[in-house]
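Please have the sequence and the 3D structure at hand while reading.

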Amino acid sequence: MKYLSTRAASSDSTERKRFCEILLEGLAPDGGLYLPEHYPQVDDATLLKWRGVYRDQGYAALAFEVLSLYIDDIPAVDLKAICDKTYTEAVFGTKEIVPLKKLENSLWLEALSNGPTLAFKDMAMQLLGNLFEYELARRGEELNILGATSGDTGSAAEYAMRGKKGVRVFMTSPFGRMSPFQQAQMFSLMDANIHNIAVDGVFDDCQDMVKAVSNDLEFKRQYRIGTVNSINWARLMAQVVYYFAGYFQATTANDQKISFTVPSGNFGNVCAGHVARMMGLPIDKLVVATNENDVLDEFFRTGVYRVRGSADTHETSSPSMDISKASNFERFVFDLLGRDGARVKALFGDALGKDGRFDLSADPAFKEAATRYGFLSGKSTHANRLATIRDTFERFGVMIDTHTADAVKVAREHLQPGVPMIVLETALPIKFAATIVEALGREPDRPAKFEGIEALPKRVTRMAADVDAVKAYIAQHCT
Ligand SMILES: *Cc1c(COP(=O)(O)O)cnc(C)c1O
């Protein structure tokens with residue numbers, strides 16, 4: 001399997017790369033995102049076999065089946081060992097790894113948030129940690145991951161990379177702006193290869209510092225700076241697996257279809273659903289749920305993709321969906337436009353840069369987003385979120401977090417008779433306690449292993465929003 005950039009000219013096959021080459025890379029050199037040259041097709045016999053694999057051998061074995069179709073430069077025994085080590089009951093809490101919970105008739109939750117940081121990003125990041133450690137050891141190289149976080153991504157990255165050989169994490173976050181629980185999760189890590197940097201500023205200041213360091217190519221090369229952001233293909237690929245696992249749990253035979261509703265921000269999660277559907281998984285609809293930051297809902301309703309300025313990007317109670325643009329969206333548009341890399345380059349490289357928008361409403365391809373690719377969308381607000389959390393708790397005794405609530409609200413608007421709908425649960429309510437208290441008048445349940453976490457000693461370095469200070473810190477801790 002080779003990978004190409006979403007901005008590659010279709011005639012150009014020289015720039016195609018193998019999996020381990022793109023594993024440690026972010027964007028492609030032309031600014032595009034990597035995708036496989038083609039989607040491997042899963043026929044009926046394979047689907048039947050995988051149903052048995054998941055049932056009899058478990059999630060890790062299913063992950064190995066799916067990943068084997070995309071990775072041909074890691075020996076099978078090694079890849080199998082990596083999957084087995086990653087997806088364990090000890091780490092993810094249940095034998096199913098992603099168990100389904102029934103709400104009402106034909107509406108299910110798929111629990112993706114029982115990993116170490118209680119958010120779905122663990123599903124991919126835990127695998128990424130093991131893949132990085134493996135590939136870096138094989139090359140005899142080191143990697144210093146520099147990131148900015150306002151919550152979920154940073155903690156998922158730290159819990160994935162803690163104690164891993166050859167990897168250090170330098171994670172910047174805005175001082176005093178994460179929830180006490182999120183701060184405790186990150187800052188209580190005592191592993192020598194994990195560095196928390198609390199910056200006097202807001203999230204954008206952290207992100208600007210990361211960009212500035214990455215743009216210093218000499219520094220970047222000398223200190224082997226890398227990232228783990230959501231455009232990494234390996235993260236997306238790992239997420240494809242749980243669409244299969246959800247399907248097998250909700251159906252008894254392969255002639256049944258199901259739909260998914262996905263709380264969306266950067267379009268990584270639902271893009272994995274798109275890939276699963278392209279592989280032949282019988283998915284009917286893929287419903288994109290957004291919060292007040294409705295860039296994606298607007299596109300699927302109107303055909304206009306319009307990036308928001310920072311003044312139009314709202315801080316909401318489902319903060320992991322607060323985006324001004326959806327960085328993985330380019331992958332879907334590449335498929336939608338018949339994999340025309342030159343056109344994708346014109347839209348994402350040129351039009352977005354110049355006008356901050358593009359309009360596909362008059363293009364016949366736009367209709368196919370719904371008709372051929374199954375995409376629908378909807379939007380949820382703070383009031384919807386509170387009402388949905390309350391309603392779900394009162395009627396079913398199930399407490400859901402704010403992001404999942406956005407998706408449950410939107411899923412209800414797209415239910416179709418005879419087609420089970422699975423809502424992906426992307427975080428546990430404990431991570432967003434203040435809104436749960438607002439909705440229910442009580443504190444959310446806390447998993448036993450997080451009891452008293454706020455009182456643990458903290459390991460964090462406070463710093464001014466100063467690029468040179470971050471560089472100096474990295475240089476000092478890279479020996
Ligand atoms: C990251 C995140 C999302 C958004 O996922 P994307 O892949 O960016 O669309 C939704 N919910 C939670 C809890 C998250 O952490």
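## Two positive phi angles

Ser106 has its place in the loop between strand 3 and strand 4 (107-111), where helices (H or I, at least four residues) and strands (E, at least two) are DSSP runs numbered from the N terminus. Although Ser106 is not a glycine, its phi is positive, at about 60°. With a relative accessibility of 28%, Ser106 counts as partly exposed; buried means under 20% relative accessible area, exposed over 50%, and partly exposed in between (1.4 Å probe, protein chains only).

Ile97 is found in the loop between helix 5 (89-92) and strand 3 (100-102). Its phi is near 70°, a positive value in a residue other than glycine, and Ile97 is buried, with a relative accessible area of 3%. Most residues other than glycine have a negative phi.

## How the model was read

This is a predicted model, in which local features need pLDDT of at least 70 and side-chain atom pairs count only at pLDDT 80 or more, while totals for chains, interfaces and linings use all residues. Residues are numbered from 1 along each chain as its sequence is written, and side-chain values use heavy atoms, with hydrogens and water left out.

How many disulfides does the rule give? The count comes to zero, where a disulfide is a pair of cysteine sulfur atoms within 2.5 Å. A disulfide is a covalent bond between the sulfur atoms of two cysteines.

For Cys478, the closest cysteine sulfur is that of Cys206, and it lies 19 Å away, too far for a bond. Cys478 counts as buried at 16% relative accessibility, and Cys271 is buried too, with a relative accessible area of 1%.
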